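Open the structure in your viewer and keep the selection tool at hand. This tour goes stop by stop.

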Amino acid sequence: MRILALESSCDESAVAVYDDAAGLLAHQIYSQVDLHRIYGGVVPELASRDHVRRLLPLLKTALDDAKTSPAQIDAVAFTAGPGLIGALLTGAALGRSLAYAWNVPAIAVHHLEGHLLAPLLENDPPPFPHLALLVSGGHTMLIDVAAPGSYAVLGETRDDAAGEAFDKSAKLLGLPYPGGPELARLAAAGRATRFDFPRPMLDRAGLEFSFSGLKTAVALAVKHCAAKNGGALDDITKADIAAGLQQAIVDTLVTKTLRALEKTGYDALVVAGGVGANRLLRERLAHAAARQGAKVFYPRIEFCTDNAAMIAVAGMARLKAGTVEPAAIRARANWALSELGPLVEPQKS
Ligand code: KG4
Ligand code: ZN
């Protein structure tokens, strides 16, 4: 079976063609970062308009690259939520309509299920059950993945997501959007020990996160250092703040993830979502998990951030489980993972 998948939940327009026997045949991503940079963040209306412009040309290229004609497509998957509603509707309208025109099933994919199943695109896929750390611009969650489709949230953030903490701090440091990768780059040149930022919620039991206090701590450090330096930060201080912040976020994520591994007793950990591209996080988790006898599974870096290959994999799993959309165009800005039905029955241990 061969599936065409569309992703348009935020500021990446993406299309992929995936075959359940041959694997990923083609994928195309167009990032809108240049469009949003001057505004310092994603402007929803501009994102929707650009998806409308980009999706069809990307689709044509993906089908050409995959040497696939529309007649060979068995289903069309699209991200139906959660995300920016206008942006989601562009992919949902195109995806649902193509499925109607081609007379094949349409599959509404949950964006986070896409992130969670992205490591299945790799040669060494994770076993089930496993623990997943999902860290993106909108979410920070530890999830017990009993089987594909069976997700129990063990803990999540009470306020900002980890990616948001990176992005908002980057803005305070005057870095261009998107801030996370820029801040990580700057942090590589800084000393993580100069600023001792808080590690929120580490002193408390449980698997909840809170990152909004970190942003305030960074704002205070920026203000204090700038005042001492004639109103502007010097480059060394900027790099030291970036390194200190990255260290605080990574320490928090690693400590809670180890707790969750201990709690579940699982020996496999999946790290998914955009912040999963962070090198320090990857290195620290690999070492820490190994000491606890667990192995870490990541999607390749380009499939950590938003892409359509992960939507195709999740869509294929949902297609096989018979979850198809009626002939109506639907998208949801908010959609809890717990609302998803299981794809296969979890194995009893
Ligand atoms: O999964 P994603 O592409 O979009 C959402 O669904 O949110 O994640 C984007 C987030 C942004 O907050 C971005 O700054 C962050 O992932 N990010 C990073 C890195 N690369 C992307 N954060 C820290 N270090 C990175 N290398
Ligand atoms: Zn995402």
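In which helix is the place of Glu113? Select helix 4, residues 111–117: Glu113 is there. Helices (H or I, at least four residues) and strands (E, at least two) are DSSP runs, numbered from the N terminus.

Before moving on, some ground rules. This is a predicted model, in which local features need pLDDT of at least 70 and side-chain atom pairs count only at pLDDT 80 or more, while totals for chains, interfaces and linings use all residues. Residues are numbered from 1 along each chain as its sequence is written, chains are lettered from A and ligands numbered from 1 in the order in which they are written, and side-chain values use heavy atoms, with hydrogens and water left out.

Stay on Glu113. Its relative accessibility is 1%, so Glu113 counts as buried. Buried means under 20% relative accessible area, exposed over 50%, and partly exposed in between (1.4 Å probe, protein chains only). Now show the neighbours. Leaving aside residues up to four places away in sequence, Glu113 touches Gly149, Tyr151, Ala314, Arg318, Leu337, Leu340 and Leu343. Contact means heavy atoms within 4.5 Å.

**The two domains**

Colour by domain next. Domain 1 covers 2–117 + 303–339, and domain 2 covers 128–298. These bounds come from an automatic or database domain assignment. Their C-alpha centres lie 27 Å apart. The contact takes 17 residues from domain 1 and 20 residues from domain 2.

Five of them form an open sheet in the order 8-7-6-9-10, with mixed pairing. Two strands pair if DSSP finds at least two bridges between them. Select strand 8 (150–156) and strand 10 (295–297): each stands at an edge with a single partner strand, so one side of each is left without a neighbour in the sheet. On average, neighbouring strands of this sheet are turned by 25° against each other, direction ignored.

Go to strand 6 (residues 130–135) and strand 9 (residues 268–272). They run parallel, joined by four bridges. Pick Ala132: Val270 in strand 9 stands opposite.

Helix 8 lies across strand 6, strand 7 (140–147), strand 8 and strand 9, and runs at about 155° to strand 6. Axes are lines fitted to C-alpha atoms, for helices over the stretch in contact, and angles run from 0 to 180 degrees between N-to-C directions.

**Val271**

Return to strand 9 and select Val271. Is Val271 buried or exposed? Val271 counts as buried, because its relative accessibility is 0%. Leu133 is 138 residues away along the chain, yet the two C-alpha atoms are separated by 4.9 Å. Beyond four places in sequence, the residues that Val271 touches include Leu133, Val135, Leu281, Val296 and Tyr298.

**Rings**

Select the aromatic side chains. How many aromatic pairs does a search of the whole structure find? There are two. In Phe195 and Phe197, the ring centres are 5.8 Å apart and the planes are at 5°, so the pair is stacked. Rings of Phe, Tyr and Trp (its six-membered ring) pair if their centres lie within 6.5 Å; planes under 30 degrees apart count as stacked, over 60 as edge-to-face and the rest as tilted. Phe195 and Phe197 are both buried. Phe209 and Phe211 are stacked because their centres are 6.0 Å apart and their planes are at 15°.

Last stop: charges over rings. Arg54 lies over the face of Tyr30, 4.1 Å from the ring centre. The charged end of Arg282 sits over the ring of Tyr298, 4.0 Å from its centre. The rule asks for NZ of Lys or CZ of Arg within 6 Å of the ring centre and within 35 degrees of the ring normal.
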